[in-house]
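Welcome! Take a moment to look over the chain shown below, and then we will walk through it together.

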Amino acid sequence: MPWTELKPRKFAAFDKELDGISRQTMQDHYKLYEGYAKKANECRKILNEFDYSQIEGNQVYSPLRAVSVDYTFALLGYKNHDLYFGHLGGDGGAPTGRFAELAESEFNGVEKWQDAVKKAASAARGWVMVGYDLNDGSLFNYIMDSQNLWAVYNMVPVLAIDVYEHAYVRDFGATPDGRKQYVEAFFRNLDWDHVNRQLAQAEAAKQGADSSVSEPAVP
Ligand SMILES: [Fe+2]
């Protein structure tokens with residue numbers, strides 16, 4: 001399928017008052033998301049239009065290298081916020097459905113997963129992704145120091161906490177305690193149905209991948 005330009009989407013979270021996260025924070029945050037879409041499109045277009053028979057490939061500095069790296073920052077800025085805004089606007093509460101089942105078994109209890117993910121949110125510099133691994137079907141909390149650093153292949157994010165200061169400084173202040181209060185507010189507004197839809201898609205993708213692998217030959 002050929003690449004098509006990214007377009008910022010509309011999210012239900014912007015049609016309601018969130019608990020603790022202000023409308024101004026959300027509106028300012030959305031502008032960043034729009035910027036990531038614009039820059040991802042710009043980078044992708046440049047990468048598509050380079051004359052690769054002439055362009056320099058240089059690992060110290062080259063336009064090819066610079067745009068390629070910045071493309072991942074812009075693209076994941078778009079993708080991460082797509083999930084983040086998509087699963088805000090809910091009623092919060094305890095994890096539900098399949099997510100709760102997996103968290104229960106992976107972390108020895110849902111409460112232990114909650115402790116782990118909140119502590120991860122204090123330890124990350126950019127994002128915490130709760131991701132489903134397409135290879136082994138496990139659920140894990142991944143710390144990301146920016147939106148394009150430390151994610152692993154075949155991990156499908158099903159829950160994304162933005163811990164960059166722009167997500168909380170207006171409402172809670174730029175302190176570690178302010179971040180903790182923001183993370184509590186994030187969970188009060190989380191839409192667990194959206195999280196479970198993400199997880200259902202990831203599990204379906206794993207099933208599809210597993211069924212497409214041919215049986216090993218009998219020696
Ligand atoms: Fe953000």
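A residue counts as buried if its relative accessible area is under 20%, as exposed if that area is over 50%, and as partly exposed in between, using a 1.4 Å probe and protein chains only. By that rule Phe 85 is buried, because its relative accessible area is 0%. Over the protein chain, buried residues make up 43% of the 219 residues.

Before going further, please note that this is a predicted model, in which local features need pLDDT of at least 70 and side-chain atom pairs count only at pLDDT 80 or more, while totals for chains, interfaces and linings use all residues. Residues are numbered from 1 along each chain as its sequence is written, and side-chain values use heavy atoms, with hydrogens and water left out.

**The overall plan**

The protein chain has seven helices and three strands. Helices (H or I, at least four residues) and strands (E, at least two) are DSSP runs, numbered from the N terminus. Read from the N terminus on, the order is α-α-α-α-β-β-β-α-α-α. The C-alpha trace spans about 60 × 55 × 30 Å along its principal axes.

**The sheet**

The three strands form an open, antiparallel sheet in the order β2-β1-β3; two strands pair if DSSP finds at least two bridges between them. At the edges are β2 (139–144) and β3 (155–162), each pairing on one side only. From one strand to the next, the twist averages 30 degrees. Strand β1 (residues 127–133) is joined to β2 by six bridges, and Val 128 has Ile 143 in β2 as its bridge partner. Helix α3 (residues 97–106) lies across β1, β2 and β3 and runs at about 85 degrees to β2. Axes here are lines fitted to C-alpha atoms, for helices over the stretch in contact, and angles run from 0 to 180 degrees between N-to-C directions.

**Aromatic pairs**

How many aromatic pairs does a search of the whole structure find? The search finds 23. Rings of Phe, Tyr and Trp (its six-membered ring) pair if their centres lie within 6.5 Å; planes under 30 degrees apart count as stacked, over 60 as edge-to-face and the rest as tilted. Here are two of the pairs:

| Pair | Distance of centres | Angle of planes | Type |
|---|---|---|---|
| Phe 11 and Phe 85 | 5.6 Å | 50 degrees | tilted |
| Phe 172 and Tyr 182 | 6.4 Å | 55 degrees | tilted |

Phe 11 lies in the segment before α1 (23–49) and Phe 85 in helix α2 (residues 63–86), so this pair ties together parts that are 74 residues apart in sequence. Phe 11 counts as buried because its relative accessibility is 7%. Leaving out residues up to four places away in sequence, Phe 11 touches Tyr 30, Tyr 33, Asp 82, Phe 85 and Gly 86, where contact means heavy atoms within 4.5 Å.

In the other pair, Phe 172 belongs to helix α5 (residues 169–172) and Tyr 182 to helix α6 (residues 176–188), 10 residues apart. Both Phe 172 and Tyr 182 are buried.

**A look at α6**

Which residues of α6 are buried? They are Gly 178, Arg 179, Tyr 182, Val 183, Ala 185, Phe 186 and Phe 187. These buried residues pack against α2, α4 (110–123), β3, α5 and α7 (192–212). The 13 residues of α6 should span 18 Å at 1.5 Å a residue, and its end C-alpha atoms are 19 Å apart, which agrees. The expected span of a helix is 1.5 Å times one less than its number of residues.
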